[in-house]
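Open the structure in your viewer and keep the selection tool at hand. The tour goes from one selection to the next.

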Amino acid sequence: MDPKCPLCNASPKSSLHLFVYCHVARFLWASNEWSCRPDAMQCDCPGQFINFLLSPQVFFHGSSDREGFLLFGALVLEQLWFARNQAIHKEINFSPNKELQVVLKKFSEHHVVLFDVPLVLPRHFYSWIRPEQEAVKINCDAAVGLDHSFIAIVARDCRGYLILSMSKRVESILPIQAEAEAINLATCVTVNRGFEYVVVESNAKACIDALKAPFDEVPWRISSIIADTLWWAFCGQQFVFRWSPRESNK
Ligand SMILES: [Zn+2]
């Protein structure tokens, strides 16, 4: 048996790694709308992780939020297990974007049946905030691996409906560069799609601050990415870049 994780081929194989800490797993967790990240926690055993899923230490607006997060978590675990089996038994490579699309699609289908309510409910201040009228809101995130990273963007309209999701491999393994690349991707994609009013959210405060700072105060590691992002934003109609804290880091 190969002792390496079949998804990233880097770390030793273990259930905690596969379901929580593999950069592939982190990529899927990053796409939940509650900013609730089990991979930001230090879990020493699978039981601790299961406890977190059942009662995450974050603020939820109501029981449907808690159940929604549990549903999302169950779908992520199912998809990771499926991807792991495909990799081991059929040697099919993991495609982050495809797996994410499957999870989000299954989530909307189950959510409508289970809760019979609109997908997005009013949230607490720190959670997913409904964008202003007619605005498109994009959440950006990055999962850093050992020799490359994955970045992801998820765009929703003002009613909370998914408009697009996209992921991309980037060669950097520096968190600040990967996060800046995610913001850049969100900006470039929304300009190309012709969205007029766009709110781009990231939990990388250094990157959001850099977009608003004088250019000589921008950290040099991200200065070219920031310059490119500002250029794209300038080509668009109206952009707001906003920091949104990750709850499970508090
Ligand atoms: Zn792995």
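Start by selecting Lys137, which stands opposite Val199 in β4. This is a predicted model, in which local features need pLDDT of at least 70 and side-chain atom pairs count only at pLDDT 80 or more, while totals for chains, interfaces and linings use all residues. Residues are numbered from 1 along each chain as its sequence is written. Helices (H or I, at least four residues) and strands (E, at least two) are DSSP runs, numbered from the N terminus.

Next, select strands β1 (residues 136-144) and β4 (residues 197-202), which pair in the parallel sense over four bridges. Two strands pair if DSSP finds at least two bridges between them.

Is β1 enclosed or open? It is largely enclosed by the rest of the structure, because eight of its nine residues are buried. Buried means 20 or more other C-beta atoms within 10 Å of the residue's own, with C-beta atoms placed from the backbone.

Ser31 lies in the loop between α2 (23-29) and α3 (46-54), and counts as buried because it has 20 C-beta neighbours inside 10 Å. Finish at Leu104, whose C-alpha atom is separated from that of Ser31 by 8.6 Å, although the two are 73 residues apart along the chain.

Conventions
A residue is buried if 20 or more other C-beta atoms lie within 10 Å of its own, exposed if 12 or fewer, and partly exposed in between; C-beta atoms are placed from the backbone.
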